[in-house]
Amino acid sequence: MLKLYIIGLSILFIAIIANTLAGYLNINTWYGFANEIIQSNFIAAIKKQKIEDLMWLFIIYPLILSSGYLVGSKINTFIF
């Protein structure tokens, strides 16, 4: 259970950094994308995105979060 907690904290920390970076670079995050889906629908929200936003949301951001898993796993291995 402690391993999952450490990995979760690592993913959370990396996600906060990634979302901060996205805001700085003016790239849409999942929060903004979800709000656009609520206001219209999924297809309309997709059409409103720039290519950079779509690449961030569906390729880059998941890769960054998976690196958070790897970091958390390494930390857990180091501690235990």
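**Chat about helix H1**

Colleague: Which residues are buried in H1?
Modeller: In H1, the buried ones are Ile6, Ile7, Ser10, Ile14, Ala15, Ala18, Asn19 and Ala22. Buried means under 20% relative accessible area, exposed over 50%, partly exposed in between (1.4 Å probe, protein chains only). This is a predicted model, where local features need pLDDT of at least 70, side-chain atom pairs count only at pLDDT 80 or more, and totals for chains, interfaces and linings use all residues. Residues are numbered from 1 along each chain as its sequence is written, and side-chain values use heavy atoms, with hydrogens and water left out.

Colleague: What do those buried residues pack against?
Modeller: Helix H2 (30–39) and helix H4 (51–79). Contact here means heavy atoms within 4.5 Å, and helices are DSSP runs (H or I, at least four residues) numbered from the N terminus.

Colleague: How do the axes of H1 and H4 cross?
Modeller: They come within 8 Å and cross at roughly 140°. Axes are lines fitted to C-alpha atoms, for helices over the stretch in contact, with angles from 0 to 180 degrees between N-to-C directions.

Colleague: OK, new topic. What follows H1?
Modeller: Asn26, with a positive phi near 60°. Asn26 isn't a glycine, and most residues other than glycine have a negative phi.

Colleague: Where is Asn26 found?
Modeller: In the loop between H1 and H2.

Colleague: Is Asn26 buried or exposed?
Modeller: Exposed, because its relative accessibility is 60%.

Notes: Helix = DSSP H or I, 4+ residues; strand = E, 2+ residues; numbered from the N terminus.
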